[in-house]
Each structure stands twice: as structure tokens, then as C-alpha cells.
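The following note is intended for a colleague who is meeting this structure for the first time. Its points should be read alongside the sequence and the model shown here.

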Amino acid sequence: MGFVARKTYYFDAPGAENTSDAARFAVERAQELGLEKIVVASSGGRTALAFLDAMKGTDLKLVVVTHVVGFTRPGEWEFSPEAAATLREAGATIVTGTHALSGLERAISRSQRLGGSSRTEAIAEALRRIVAIGLKVAVECVLIAADQGAVGVDEEVIAVGGTATGADTVCVIRPAHTASFFDLQVREIVAMPRVR
């Protein structure tokens, strides 16, 4: 049996202060593997702009997955219009889709008449608590991006998530559509917080 050895980075703590290092590690691994796309979660635009900056001078393509419209307040998209314009002008793809690991399920679990947790939320919680919050975010962003056609299900991508804000988890994922969730594969952890 063959094997491959790769470097994994562990941040001392989760959080936005890891964003610039996470961006550097994401670009580094994408270039090592010859991957074309980096999928990054960004709710307001700051994290996406940090990755855009780290990708300057490369042929890498940036796919930014934002919160859905109405995530914080009904009818509101929290992403900065100025950041969106800068990203689009630089050739980035911005994806805004329903959260694959919550969406409709959250409406049921929050309902006073229904309540309880769904199987989908159990999957999200397992990713979030057992590995890293950023891993749950990265997986969900790849599902959303695949469902929107921004990444193919036959290409490995770098996927990036964070804990509340910024980026602290970088992984290599072979995407899947949400309806084929168990076809998704996390193939490498490039960076993550060691303690959550």
C-alpha cells in the first residue's frame, strides 16, 4: 500500500486572528496539489478579501459562500456591497444559498409546536463538536457551492471555515451535492484549531 505524508498546521486557539495564516496555508496546499479552487466562508466580506489578497499572483479561483439572505435579520444580506463588488471585479464567484446543514430543519427545531433536533442538525453538531466548528462550516459551504454549480463534484477543492468569524480551518474536500451528502469526502485537514 502506498501513502503520502503532508504537513498539518494546528492553531493554538480558534478564531479570526488565524485568518491570514489560514489563507497562506490554503494557497500553499492548493498549489502543492494542483487544485484550482478555494471555497471560503465569509459572512461580511472581510475573510473573503483576505483570501483574495493571499491568492494574488496565482491562477487560483476564489469561491465565496455567504450567509443566506435573512440569516441575521429578515430580508437582509449581511455581506458588504463594496466587498462584493471588489471580489466580483477580481473574478471571484459569490454563492448565497440555503444552509445545507440547517435551513428548513432549523425552522422545525426552533418551532415551539414541533421542536427537537433533526438528523441533519445532529450531523452538523457532530462535525462541529468532534472535529472543529470550521470543519462543519467548510463542509456546508462546499455542499452549497456544489448545489449552486460553483464547484464540480468531481474536482477536489480547498475548503475553509472558521469559528464565529474569520478562518481557522482549512481542508481538502471532494464535493458532493446535498442530496448525496455521504459521497462528500474530507480528504485532508490542512489546518485547524488544536483546542476548541
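1. One convention is needed at the outset: an angle between axes under 35 degrees counts as roughly parallel, over 145 as roughly antiparallel, 65 to 115 as roughly perpendicular, and the rest as oblique. The structure to which it is applied here is a predicted model.

2. Helix α5 (residues 119–131) and helix α6 (residues 133–147) have axes that come within 6 Å and cross at roughly 140°. The two helices, α5 and α6, are therefore oblique to each other. On the α5 side, the contact is made by Ala-124, Leu-127, Arg-128, Arg-129 and Val-131; on the α6 side, by Ile-133, Leu-135, Lys-136 and Val-139. Classified by residue type, this contact of α5 with α6 has six nonpolar and three charged residues, and no polar ones.

3. Seven strands form an open sheet with mixed pairing, in the order β1-β7-β6-β5-β2-β3-β4.

4. Ile-38 stands opposite Ile-158 in β5.

5. Helix α6 also relates to the sheet. It lies across β2, β3 (61–66), β4, β5, β6 (165–174) and β7 (185–193), and runs at about 130° to β5.

6. Which element gives the largest share of the lining of the largest pocket? That element is α6, with six residues. The lining has 28 residues, and those nearest the pocket's centre are Ala-41, Ser-43, His-67, Ala-164 and Thr-165. Two or more lining residues come from each of α2 (46–54), β3, α6, β5 and β6. The space in this largest pocket is about 640 Å³, and its lining has nine nonpolar, 14 polar and five charged residues.

7. The second largest pocket holds about 170 Å³ of space. Its lining consists of Val-68, Gly-70, Phe-71, Thr-98, His-99, Ser-102, Gly-103, Arg-106, Ala-107 and Arg-110. By class, these lining residues divide into three nonpolar, five polar and two charged.

8. Leaving aside residues up to four places away in sequence, Tyr-10 touches Met-192 and Arg-194. Tyr-10 and Asp-53 are 43 residues apart in sequence, and their C-alpha atoms are 22 Å apart in space.

Definitions and conventions. Residues are numbered from 1 along each chain as its sequence is written. This is a predicted model: local features need pLDDT of at least 70, side-chain atom pairs count only at pLDDT 80 or more; totals for chains, interfaces and linings use all residues. Side-chain values use heavy atoms; hydrogens and water are left out. Axes are lines fitted to C-alpha atoms, for helices over the stretch in contact, and angles run from 0 to 180 degrees between N-to-C directions. Helices (H or I, at least four residues) and strands (E, at least two) are DSSP runs, numbered from the N terminus. Contact means heavy atoms within 4.5 Å. Ala, Val, Leu, Ile, Met, Phe, Trp, Tyr, Cys and Pro count as nonpolar, Asp, Glu, Lys and Arg as charged, and the others, Gly among them, as polar. Two strands pair if DSSP finds at least two bridges between them. On a 1 Å grid over the protein atoms alone, a cavity is a set of points where a 1.4 Å probe fits but cannot get out, and a pocket is an open set with protein on both sides within 12 Å along at least five of seven lines; lining residues have an atom within 4 Å of a point. Grid points are joined across faces, edges and corners, and a volume is the space filled by probe spheres set on the points.
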